[in-house]
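This report describes the overall fold of one chain and then the surroundings of a single residue.

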Amino acid sequence: ADLLAYAALRGAFWSDSPQRPIDWISSALLTNQTPPSWYDFARGFTQLAAGNAESALPFLNRTRDAITSGLYGATALRQLGKTREALGVISDLSVRAPYFDLDLHLRAMGAEASLLGDELRATYEDLVVRRRKILSGR
């Protein structure tokens, strides 16, 4: 089951079918009746990669990890047009994970050249620039 869940995480970046990683995490959940908490990330992540930001948010918000709930949650909110909320989430990420390095994270996830990786980068860069302007009073 864990192998299927992990395949769903990786497949969200690289699968030619957005539904395939969703099917993999669904199968993993059927197999593992007491899944670890990181399955929530896999569920949210696969939904986000498939363009289902509304479905992704509840799972991303349940994760305890600042990067997951921050970067991925802000990306989902931004896709839904909730920029103000997304900005608040990114601000929280900068407090909870002050040394967060987006490039390092994307490389570790194997996402630096994927469409979702590009979306994560665009969200982060847009919201961090907005946050800096607000903090500087511009």
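How far apart are the mean positions of the positive and negative charges of the chain? The mean positions of the 16 positive and 15 negative charges lie 6 Å apart. Lys and Arg count as positive and Asp and Glu as negative, with His and the chain ends not counted; each charge is placed at NZ of Lys, CZ of Arg, CG of Asp or CD of Glu.

This is a predicted model, in which local features need pLDDT of at least 70, side-chain atom pairs count only at pLDDT 80 or more, and totals for chains, interfaces and linings use all residues. Residues are numbered from 1 along each chain as its sequence is written, and side-chain values use heavy atoms, leaving out hydrogens and water.

The chain has eight helices and zero strands (DSSP runs, H or I of at least four residues for helices and E of at least two for strands, numbered from the N terminus). Values for the whole chain are as follows.

| Property | Value |
|---|---|
| C-alpha box along the principal axes | roughly 50 × 30 × 25 Å |
| Buried share (under 20% relative accessible area) of the 138 residues | 41% |
| Share of contacts (heavy atoms within 4.5 Å), among those with a separation of 6 or more, from residues 24 or more positions apart | 58% |

R43 belongs to helix α3, residues 38-49. Leaving aside residues up to four places away in sequence, R43 touches I25, L29, F59 and R62.

Definitions and conventions
Buried < 20%, exposed > 50% of the residue type's maximum accessible area, 1.4 Å probe, protein only.
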